Amino acid sequence: MERRVSVRMLSEQRCPGMEAEHSEVRTSGTLAPEDGGWRLHYDEDAAGAAHTSMLAGEERITLRRSGAVRAEMVFAEGERHTTLYELAFGTLPLDILTE
């Protein structure tokens, strides 16, 4: 059964030699059980330019973004995942190591 939820995202970006940058986004979305876990869908801005879908399972979280930003990121403890983060001005390769 899908239900409406409030979503609050806090992030921190750190680069060597620079001060950490913090941001917060609040929006609404939907949450529903799927494949033994939970699927969360939300838009990151009021215009709906970036759509996000997150599947949280027992051992991993898969985050997919589409629209103004395109990416698929996998977070699984102790595993390294390489992906591309596609933006309007170019593509950024990312390595993700989850602790």
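Is Glu-44 buried, partly exposed or exposed? Glu-44 is partly exposed, with a relative accessible area of 23%; buried means under 20% relative accessible area, exposed over 50%, and partly exposed in between, with a 1.4 Å probe and protein chains only. The tour returns to this residue below.

**Before you start**

This is a predicted model, in which local features need pLDDT of at least 70 and side-chain atom pairs count only at pLDDT 80 or more, while totals for chains, interfaces and linings use all residues. Residues are numbered from 1 along each chain as its sequence is written, and side-chain values use heavy atoms, with hydrogens and water left out.

**Whole chain**

Show the chain as a cartoon. There are zero helices and eight strands, where helices (H or I, at least four residues) and strands (E, at least two) are DSSP runs numbered from the N terminus. From the N terminus on, the order of elements is β-β-β-β-β-β-β-β. The C-alpha trace spans about 45 × 35 × 25 Å along its principal axes.

Switch to a surface. The protein chain exposes about 7300 Å², and carbon and sulfur atoms supply 51% of that area. Accessible areas come from the Shrake-Rupley method with a 1.4 Å probe; for residues, only the protein chains shown count as cover. Of the 99 residues, 28% are buried.

**Stop 1: the nonpolar core**

Select Val-5, Val-7, Met-9, Leu-40, Tyr-42, Leu-63, Val-69, Ala-71, Met-73, Tyr-85 and Ile-96, which make up the largest nonpolar core, 11 residues in all. A nonpolar core is a set of buried Ala, Val, Leu, Ile, Met, Phe, Trp, Tyr and Cys residues joined through side-chain atoms within 4.5 Å. β1 (3-13), β3 and β6 each supply at least two residues of this core, and the largest share, three residues, comes from β1. In soluble globular proteins, nonpolar side chains tend to be buried together.

Within that set, pick Leu-40. Leaving aside neighbours within four places in sequence, Leu-40 is in contact (heavy atoms within 4.5 Å) with Val-5, Val-7, Thr-30, Leu-31, Thr-52, Ser-53 and Met-54.

**Stop 2: Met-54**

Move on to Met-54, in strand β4. Met-54 is partly exposed, at a relative accessible area of 22%. Beyond the neighbours within four places in sequence, the contacts of Met-54 are Trp-38, Arg-39, Leu-40, Tyr-42, Ile-61, Thr-62 and Leu-63. For a distance check, draw a line to Glu-77: Met-54 and Glu-77 are 23 residues apart in sequence and 16 Å apart in space, C-alpha to C-alpha.

**Stop 3: β5 and β6**

Select β5 and β6. The two strands pair in the antiparallel sense over five bridges; strands pair if DSSP finds at least two bridges between them. A hairpin joins β5 to β6 through three residues. To find one of the bridges, select Leu-63, whose partner in β6 is Met-73.

**Stop 4: Thr-83**

Which strand holds Thr-83? Thr-83 lies in β7 and is buried, with a relative accessible area of 13%. The Thr-83 side chain reaches the backbone oxygen of Glu-72 at 2.6 Å. Apart from neighbours within four places in sequence, Thr-83 is in contact with Glu-72, Met-73, Leu-92, Pro-93, Leu-94 and Ile-96.

**Stop 5: salt bridges**

How many salt bridges does a search of the whole structure find? The search finds eight, a salt bridge being a side-chain nitrogen of Lys or Arg within 4 Å of a carboxyl oxygen of Asp or Glu.

- Select Glu-44 and Arg-65. They form a salt bridge, with the closest N and O atoms 2.7 Å apart. The pair links distant parts of the chain: Glu-44 is in the loop between β3 (37-43) and β4 (50-56), and Arg-65 is in strand β5 (residues 61-67), 21 residues apart. Arg-65 counts as buried at 17% relative accessibility, whereas Glu-44 is partly exposed at 23%.
- Select Glu-72 and Arg-64. Their side chains meet in a salt bridge at 2.5 Å, N to O. Glu-72 is partly exposed at 37%, and Arg-64 is also partly exposed, at 37%.
- Select Arg-70 and Glu-86. In this salt bridge the closest N and O atoms are 3.3 Å apart. Arg-70 is in the loop between β5 and β6 (71-75), and Glu-86 is in strand β7 (residues 80-87), 16 residues apart. Arg-70 is partly exposed at 47%, as is Glu-86 at 29%.
- Select Arg-8, Glu-24 and Arg-26. A network of salt bridges links these residues.

Notes:
A polar contact is a pair of N or O atoms within 3.5 Å; within protein, one must be able to donate a hydrogen and the other to accept it, and residues adjacent in sequence count only if both atoms are side-chain atoms.
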